[in-house]
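This briefing sets out selected features of one protein chain, grouped by topic. Please read it alongside the sequence and the coordinates.

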Amino acid sequence: MDTTDISVDKARIDELEQTIAMLRKELEQHAPYLDNIHAHVLAAVDSDAYKKAESRVKKASERHAELFAAHARIVEEAKADDGSGGFNKAAWDKSLEQEKELWDDLRDAGRECTAAAHARKAARAEADEKIHKIIAPADPIGSELNIDLRPSHQAHVEELLTGLKWMQKVMSAKHGRHLVACDAPDAALQTGGRAYANGMQIALNHDDRAWVTVHELGHTIEHANANRLGNKSQAFLIDRVKSHPVEFLGAGHEPEEVATKDGFQEAYTGKYYPRSGGSTEVFSMGIQHMYQDPLKFALSDPDHFKYTLAIMHGLL
């Protein structure tokens, strides 16, 4: 990844200092409530088994990659000439023997990768089901949060509705009525294939998964409460990144898309919008993590987890 040292605007930091102080005080006030839910999340599942499943996938993948690379080297060596430009038959015959020895290991490693992935998927599914119930507020917003679907969405609506229905369960009714317009499928292709949110409108591709809907709805929640949530998310971000350099996000992103990873589960969460007021990826990425892998989120970044939870429950 290309890196660029871009200092966060000091004037913006000074402007947000009061908001940062206020946010810290609010989170401290709600800490017993948020800490209790966080503790219930960690206690609800066997986190050791979950970590073992993750480790098993990593080890199996590394072993498979190692063996695959060894196989590739054998093939390349067999293709090498004998120094006179001719075919190296001795090397080729030797490679066949090496391949026979390697093939069983490679096949077994592939099977272990598949088994490990299934075990991780089962562990995550069990964890997600329990945790999604724990993190849901007592006063879900329900149909007060909705998407104005166009007829052109009907052929590609399943994933979109899955994301929407999940958000209806985990967002508090304290956020009030929330109607989001949705652009026609594949309108996002006009921006290079990426879904986006613009105010109270989102654009999704026809093959976007449910987590994309969750992410983009997170942006609209923040936008609808820009003076409150937008500024607080900006304060949460600035409080973490103000003394750290930021990096270009890399291929597939615009030149001005920079971020700092500093403790975030993904660098994109720390995306810095120097000219956009209260826009951030803090809540949209937080709610995406809550949907995709809440246990990993709770384990890897408790503060961001609790901040996201506080918004979900209408505490901020």
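Contact here means that heavy atoms lie within 4.5 Å of each other. The model is predicted. The protein chain contains ten helices and seven strands, and buried residues account for 42% of its 316 residues. Of the contacts in the chain with a separation of 6 or more, 69% join residues 24 or more positions apart.

**Helix H8 and Gly-286**

- Helix H8 spans residues 282-292 and is mostly covered, with nine of its eleven residues buried.
- The buried residues of H8 are Val-282, Phe-283, Ser-284, Met-285, Gly-286, Ile-287, Gln-288, His-289 and Met-290.
- Gly-286 belongs to helix H8. Its relative accessible area is 0%, under the 20% limit, and Gly-286 is therefore classed as buried.
- Once neighbours within four places in sequence are set aside, Gly-286 is in contact with Glu-281, Phe-297, His-304 and Thr-308.
- Between Gly-286 and Leu-309 there are 8.6 Å in space, C-alpha to C-alpha, and a separation of 23 residues in sequence.

**Helix H10 and what follows**

- Helix H10 covers residues 302-312 and is mostly covered, as nine of its eleven residues are buried.
- Buried positions in H10 are His-304, Phe-305, Lys-306, Tyr-307, Thr-308, Leu-309, Ala-310, Ile-311 and Met-312. Among them, His-304 and Thr-308 are contacts of Gly-286, while Ile-311 and Met-312 are contacts of His-175.
- After H10 comes Gly-314, which has a positive phi near 70°. Gly-314 is also in contact with His-175.

**His-175**

- His-175 is located in the loop between H5 and strand S2 (178-182).
- With a relative accessible area of 10%, against a limit of 20%, His-175 counts as buried.
- A polar atom of the His-175 side chain lies 2.6 Å from the backbone oxygen of Ile-311.
- Apart from neighbours within four places in sequence, the contacts of His-175 are Ile-141, Ile-221, Asn-225, Leu-229, Ile-311, Met-312 and Gly-314.

**Helix H6**

- H6 is mostly covered, with twelve of its 15 residues buried.
- The buried set in H6 consists of Ala-210, Val-212, Thr-213, Val-214, His-215, Glu-216, Leu-217, Gly-218, His-219, Thr-220, Ile-221 and Glu-222. One of these, Ile-221, is a contact of His-175.

**Ile-202 in strand S4**

- Ile-202 sits in strand S4 (residues 201-203), and its relative accessible area of 0% falls under the 20% limit, so Ile-202 is buried.
- Excluding neighbours within four places in sequence, Ile-202 is in contact with Ile-147, Val-180, Ala-181, Cys-182, Asp-183, Tyr-196, Ala-197, Glu-216, Leu-217 and Thr-220.
- Glu-216, Leu-217 and Thr-220 are among the buried residues of H6.
- Val-180 and Ile-202 are separated by 22 residues in sequence, and their C-alpha atoms are 7.3 Å apart.

**His-132**

- His-132 is part of helix H4 (residues 89-135). Its relative accessible area is 17%, which is under 20%, and His-132 is therefore buried.
- The His-132 side chain reaches the backbone oxygen of Met-290 at a distance of 2.8 Å. Met-290 is itself one of the buried residues of H8.
- Not counting residues up to four places away in sequence, His-132 touches Trp-166, Met-290, Tyr-291 and Pro-294.
- His-132 and Leu-295 lie 163 residues apart in sequence, with 9.9 Å between their C-alpha atoms.

**The second largest pocket**

- The volume of the second largest pocket is about 290 Å³.
- Its lining comprises Ala-125, Asp-128, Glu-129, His-132, Lys-133, Ala-136, Thr-162, Lys-165, Trp-166, Lys-169 and Val-170. His-132 and Trp-166, both in this lining, are in contact with each other.
- H4 and helix H5 (158-170) each contribute at least two residues to the lining of the second largest pocket.
- The lining of the second largest pocket is made up of four nonpolar, two polar and five charged residues.

Note on methods
Residues are numbered from 1 along each chain as its sequence is written. This is a predicted model: local features need pLDDT of at least 70, side-chain atom pairs count only at pLDDT 80 or more; totals for chains, interfaces and linings use all residues. Side-chain values use heavy atoms; hydrogens and water are left out. Buried means under 20% relative accessible area, exposed over 50%, partly exposed in between (1.4 Å probe, protein chains only). Helices (H or I, at least four residues) and strands (E, at least two) are DSSP runs, numbered from the N terminus. A polar contact is a pair of N or O atoms within 3.5 Å; within protein, one must be able to donate a hydrogen and the other to accept it, and residues adjacent in sequence count only if both atoms are side-chain atoms. On a 1 Å grid over the protein atoms alone, a cavity is a set of points where a 1.4 Å probe fits but cannot get out, and a pocket is an open set with protein on both sides within 12 Å along at least five of seven lines; lining residues have an atom within 4 Å of a point. Grid points are joined across faces, edges and corners, and a volume is the space filled by probe spheres set on the points. Ala, Val, Leu, Ile, Met, Phe, Trp, Tyr, Cys and Pro count as nonpolar, Asp, Glu, Lys and Arg as charged, and the others, Gly among them, as polar.
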